Amino acid sequence: MHFVLLATHTPDTCPTANATTRDLLLKIAPDLPKLAQKAGVDIVAGPFVNREHTVVVVVRSDKAENVDRFLIESHFSQWNSVRVLPSLTMEEGLVEIQAQTPIF
């Protein structure tokens, strides 16, 4: 299953403004692929960052618990509020739509 991770933080905890967060991110960032693999997660896309204080990552894993472990190991949840959105590929979504009976 795919999961879209939307991590948001405030300007005062942003790595561009906060030395502690910056040091943590610079230390952890090179190890993100290893941390993901250790947690049973494949990084499909990202992390993508922007000026909206949001980080977007698309991951794949068999279990939501693995995604949670990745968030803990990466320390993302320590300086971000993270929404985890279980998601389907477009192809999987189309199969699901075709299998359902429309209500309108």
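Modeller: Start with a term: a residue is buried under 20% relative accessible area, exposed over 50% and partly exposed in between, using a 1.4 Å probe on protein chains only. By that rule, buried residues make up 28% of the 104 residues in the protein chain.

Colleague: What sort of model is this, and which cut-offs apply?

Modeller: This is a predicted model: local features need pLDDT of at least 70, side-chain atom pairs count only at pLDDT 80 or more, and totals for chains, interfaces and linings use all residues. Residues are numbered from 1 along each chain as its sequence is written, and side-chain values use heavy atoms, with hydrogens and water left out.

Colleague: What does the chain average for pLDDT?

Modeller: The average is 96, and 100% of the residues score at least 70. pLDDT is the predictor's confidence in each residue, from 0 to 100.

Colleague: Where is confidence lowest, and where is it highest?

Modeller: Lowest in helix 5 (residues 90-99), at a mean of 93. Highest in strand 1, at 98.

Colleague: How many helices and strands are there?

Modeller: Five helices and four strands. Both are DSSP runs, numbered from the N terminus: helices are H or I with at least four residues, strands are E with at least two. Along the sequence the pattern reads β-α-α-β-β-α-α-β-α.

Colleague: And what does the C-alpha trace span?

Modeller: About 55 × 30 × 20 Å along its principal axes.

Colleague: On to the sheet. In what order do the strands sit?

Modeller: The order is 2-3-1-4, in an open sheet with antiparallel pairing. Two strands pair if DSSP finds at least two bridges between them.

Colleague: Which strands stand at the edges?

Modeller: Strand 2 (42-49) and strand 4 (81-87). Each has a single partner strand, so one side of each is left without a neighbour in the sheet. Neighbouring strands of this sheet are turned by 15° against each other on average, direction ignored. That angle comes from axes fitted as lines to C-alpha atoms, for helices over the stretch in contact, with angles running from 0 to 180 degrees between N-to-C directions.

Colleague: How many bridges join strand 1 to strand 4?

Modeller: Seven, with strand 1 (residues 2-8) running antiparallel to strand 4. Phe3 stands opposite Pro86 in strand 4.

Colleague: What about strand 2 and strand 3?

Modeller: They pair in the antiparallel sense over five bridges. Ala45 has Val58 in strand 3 as its bridge partner. The two strands form a hairpin with four residues between them. In the turn, His53 has a positive phi of about 60°.

Colleague: Change of topic. Which residues touch the most other members of the largest nonpolar core?

Modeller: Leu5, Val41, Val59 and Phe70, out of 16 residues. A nonpolar core is a set of buried Ala, Val, Leu, Ile, Met, Phe, Trp, Tyr and Cys residues joined through side-chain atoms within 4.5 Å.

Colleague: Which elements give two or more residues to it?

Modeller: Strand 1, helix 2 (32-39), strand 3 (54-60) and helix 3 (64-74). Helix 2 gives the largest share, four residues.

Colleague: What does Val59 touch?

Modeller: Not counting residues up to four places away in sequence, its list includes Met1, Leu5, Val41, Ile43 and Val67. Contact means heavy atoms within 4.5 Å.

Colleague: Now Ser74. Buried or exposed?

Modeller: Ser74 is buried, at 2% relative accessibility. Ser74 lies in helix 3. Beyond four places in sequence, Ser74 touches Ile28, Leu32 and Leu35. Ile28 is 46 residues from Ser74 in sequence, yet 6.6 Å away in space, C-alpha to C-alpha.

Colleague: Which backbone oxygen lies 3.2 Å from a polar atom of its side chain?

Modeller: The one of Leu71. A polar contact is a pair of N or O atoms within 3.5 Å; within protein, one must be able to donate a hydrogen and the other to accept it, and residues adjacent in sequence count only if both atoms are side-chain atoms.

Colleague: And Ser61, where is that found?

Modeller: In the loop between strand 3 and helix 3. Ser61 is buried too, at 3% relative accessibility. Its side chain reaches the backbone oxygen of Gly40 at 2.9 Å. A polar atom of that side chain also lies 3.3 Å from the backbone oxygen of Lys63.

Colleague: Last one: what does the side chain of Asn80 join?

Modeller: The side chain of His9, through a polar contact of 2.9 Å. Asn80 is found in the loop between helix 4 (76-79) and strand 4. Asn80 is buried, with a relative accessible area of 9%.
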